[in-house]
Amino acid sequence: MFYALLAAIPFVLALVLMVGFKFSSGKSLMTSLLVTIVLVLAVWRMDVPTVAAYSVYGVLKSLDLLLIIGGAILLLNSLKATGIMEIINEGFKRISPDPRIQAIIIAYLFGAFIEGAAGYGTPAALAAPLLVGLGFPPVAACAVALISNSTPVPFAAVGTPTLSNMTNLASAIADAGMDKDAFTAAVTHKTVLYLGVAGLVVPILLVVALVMFYSTGRRVKSIVEMIPFCLMSACSFVIPYYLLGTFLGPEFASIISSCIGMVLVVLAARARFLVPKHVWYFYDIEKDEVIAPKEIFGSISRRKLLRAWLPYVIIAAALLLTRVPAFGLKALLNSASIHMTDILGVQGLNYDFALIYNPGLIPFLIVAVATLLVHRKDMAPGTMSGVFKATGKQLLAIALTLISGIAMVQIMLGSGANHAGLPGMIDQISTTLVSAIGNAFPLIVPPLGVFGAFVSGSCTVSGILFAPLEFRTAQILALPTASIVALQMAGGAVGNMICIHNVVAVSSTTGAVGSEGKIISMNILPCAVYVVLLTLVYLVCG
């Protein structure tokens with residue numbers, strides 16, 4: 001028990017610093033990394049070169065993910081700078097006058113698309129201001145944008161949270177005698193199953209939040225009449241989400257399924273299919289009046305809209321061509337890899353980096369640069385360099401968190417190689433959890449995922465913190481490791497509804513600063529409902 005408590009110090013310290021002292025996740029994890037190094041040297045008595053090797057290995061593992069994130073952010077910044085994102089947003093404004101339907105199309109489906117393409121808080125930050133522009137009260141816009149930003153999260157930025165967990169668990173997967181690609185496929189399948197089946201209720205939860213907080217009468221009817229449209233919208237996204245995640249992998253689940261969902265739901269809304277005859281509007285309780293929807297003037301040609309969507313069409317096509325083995329490009333791109341064996345003399349500690357296979361380079365970077373070049377005549381001088389500078393600043397802010405967290409976990413995973421004769425740090429904690437909780441352990445995994453995302457602001461960081469521990473505990477309990485890691489991913493995704501970082505970020509983009517507590521209070525119940533449902537799906541499906 002004593003050594004388990006010592007081993008848990010880095011995790012507890014990171015959480016205490018983030019929650020109690022309001023440290024950033026980067027500073028918190030850097031501090032925890034330094035404490036981890038002190039513990040493994042002083043208590044576990046690891047050799048300094050071995051600790052250095054695992055630290056370097058963690059940094060190298062971070063490079064893959066940072067390139068993906070950097071490419072995704074650059075693409076989004078490029079689309080904003082060229083005015084393309086504004087055209088896409090304007091196109092959404094003309095579909096339906098009903099705020100409930102607008103929220104489903106923009107927050108749930110368009111938000112899922114942006115999550116699949118970019119991630120890292122961008123969906124809510126883009127969707128919420130767009131909803132405010134349509135007449136949504138700022139708090140309502142923030143709440144529905146965050147509720148919607150849950151199901152697609154594990155596959156943000158072309159699967160980065162899931163892939164980062166697989167990267168972080170690579171040595172544990174290998175030690176268990178499993179193939180990393182097969183394990184990734186199994187985790188992805190379980191994640192889309194849990195989040196997909198339970199997530200059928202997300203559009204309903206979104207409508208419930210709007211109606212319950214912004215109506216004085218006709219509440220039940222305003223919710224019930226929307227259920228058919230909500231379920232149709234959920235199925236339009238979730239069915240492709242499940243199939244793409246299961247058969248093609250984590251890169252496709254969110255980005256392509258959201259495209260399919262948007263097309264189907266927009267067509268249904270235009271055709272008034274399952275759309276309630278009654279148009280619901282917001283009610284301002286303080287002023288005792290209905291909030292009139294904002295009128296939309298002008299029109300955007302189909303040609304202009306198609307041109308605006310072209311970068312995303314190219315990205316989707318490029319991902320399909322380079323990720324599906326049948327096309328032959330996947331093996332070719334993977335063949336040009338950087339290999340490092342026995343890092344700093346530690347046998348079996350190997351690193352591979354398939355640079356040109358990384359989606360941050362192909363297609364994100366290429367499409368972003370091409371977009372800037374095509375529109376360079378329409379942009380003010382210095383805009384292009386400003387895009388790269390802004391992207392660099394955003395990436396640096398993320399880099400410290402990612403590098404520190406992955407390096408810390410890799411050192412803990414490698415701490416079994418010590419002169420103190422002690423089990424590794426992760427094994428110590430896992431053994432103690434098993435004796436304390438036993439086979440009820442899966443029930444606490446989703447709440448752990450939610451808590452990790454709540455304090456760190458990231459499903460990715462939540463997984464970095466807890467997935468290795470949960471993987472090892474599952475092994476000890478003879479539970480399916482892929483299912484447990486998938487539960488962690490699902491919990492981390494749902495935690496985005498209420499995570500502090502996202503709430504602060506989205507409130508600052510909508511003029512809702514000071515209303516963070518109200519936003520979280522609106523989203524706590526949807527978050528709890530989602531966690532209960534995905535836990536039930538696990539208990540039924542395994």
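These are legends for several close-up views of a predicted model.

**View 1. Helix 17 and its buried face.** Helix 17 covers residues 360-374. With 15 residues at 1.5 Å each, this helix should span 21 Å, and the 20 Å between its end C-alpha atoms agrees with that. The buried residues here are Gly360, Pro363, Phe364, Val367, Ala368, Thr371 and Leu372. Looking down the axis of helix 17, you find these buried residues within an arc of 150°, so they line one face of the helix. What do the buried residues of helix 17 pack against? The partners are helix 3 (48-81), helix 4 (84-92), helix 5 (99-117), helix 8 (156-168), helix 15 (302-323) and helix 18 (383-413).

**View 2. The cis peptide bond at Pro363.** Stay with helix 17, where Pro363 has its place. The bond that joins Ile362 and Pro363 is a cis peptide, with omega at about 20°. Pro363 is also one of the buried residues of helix 17.

**View 3. Thr371 and a backbone oxygen.** Thr371 sits in helix 17 as well. Its relative accessibility is 7%, and a residue counts as buried under 20%, so Thr371 is buried. The side chain of Thr371 reaches back to the backbone oxygen of Val367, at 2.7 Å. Val367 itself is on the list of buried residues of helix 17. Leaving out residues up to four places away in sequence, Thr371 touches Leu79, Thr82, Ile84 and Pro311.

**View 4. Ser404 in helix 18.** Here is another side chain reaching for a backbone oxygen: Ser404 to Leu400, at 2.8 Å. Ser404 belongs to helix 18. Is Ser404 buried or exposed? With 0% relative accessibility, Ser404 counts as buried. Residues up to four places away in sequence aside, Ser404 touches Gly26, Leu29, Met30 and Leu33.

**View 5. Trp309 and Tyr312, an aromatic pair in helix 15.** The count of aromatic pairs comes to 17. In the pair formed by Trp309 and Tyr312, the ring centres are 5.9 Å apart and the planes meet at 55°, so the pair is tilted. Both residues lie in helix 15, three residues apart, or about one turn of the helix. In general, an α-helix has 3.6 residues a turn, so residues three or four places apart point the same way. Trp309 and Tyr312 are both buried.

**View 6. An aromatic cluster.** Which residues make up this cluster? Tyr108, Phe155, Phe237 and Tyr241 form it together. Tyr108 turns up again among the residues with the most contacts inside the largest nonpolar core.

**View 7. The largest nonpolar core, and Leu534 inside it.** This core has 177 residues, and those with the most contacts inside it are Phe92, Tyr108, Phe183, Leu210, Phe229, Tyr312 and Leu534. Helix 3 gives the most to this core, with 15 residues. Zoom in on Leu534: not counting residues up to four places away in sequence, Leu534 touches Tyr194, Leu195, Ala198, Pro446, Leu487, Ala490 and Val494.

**View 8. Val208 and Val494.** Val208 is in helix 11 (residues 202-213). At 28% relative accessibility, Val208 counts as partly exposed. Along the chain, Val208 and Val494 are 286 residues apart, and 17 Å separates their C-alpha atoms. Val494 is one of the residues that Leu534 touches.

**View 9. Met178, between two helices.** Met178 has its place in the loop between helix 9 (170-175) and helix 10 (180-198). The relative accessible area of Met178 is 31%, which makes this residue partly exposed. With neighbours within four places in sequence set aside, Met178 is in contact with Ile173, Phe183, Phe471 and Thr481. Of these contacts, Phe183 is also listed among the residues with the most contacts inside the largest nonpolar core.

**View 10. Positive phi at Arg45 and Asp342.** Neither residue is a glycine, yet phi is about 55° at Arg45 and about 50° at Asp342. Where do they sit? Arg45 lies in the loop between helix 2 (25-42) and helix 3, while Asp342 is in the loop between strand 3 (338-340) and strand 4 (351-353). Arg45 is partly exposed, at 47% relative accessible area. Asp342, at 35%, counts as partly exposed too.

Technical notes:
Residues are numbered from 1 along each chain as its sequence is written. This is a predicted model: local features need pLDDT of at least 70, side-chain atom pairs count only at pLDDT 80 or more; totals for chains, interfaces and linings use all residues. Side-chain values use heavy atoms; hydrogens and water are left out. Helices (H or I, at least four residues) and strands (E, at least two) are DSSP runs, numbered from the N terminus. Buried means under 20% relative accessible area, exposed over 50%, partly exposed in between (1.4 Å probe, protein chains only). A polar contact is a pair of N or O atoms within 3.5 Å; within protein, one must be able to donate a hydrogen and the other to accept it, and residues adjacent in sequence count only if both atoms are side-chain atoms. Contact means heavy atoms within 4.5 Å. The expected span of a helix is 1.5 Å times one less than its number of residues. The arc is that of the directions from the helix axis to the C-beta atoms. Rings of Phe, Tyr and Trp (its six-membered ring) pair if their centres lie within 6.5 Å; planes under 30 degrees apart count as stacked, over 60 as edge-to-face and the rest as tilted. A nonpolar core is a set of buried Ala, Val, Leu, Ile, Met, Phe, Trp, Tyr and Cys residues joined through side-chain atoms within 4.5 Å.
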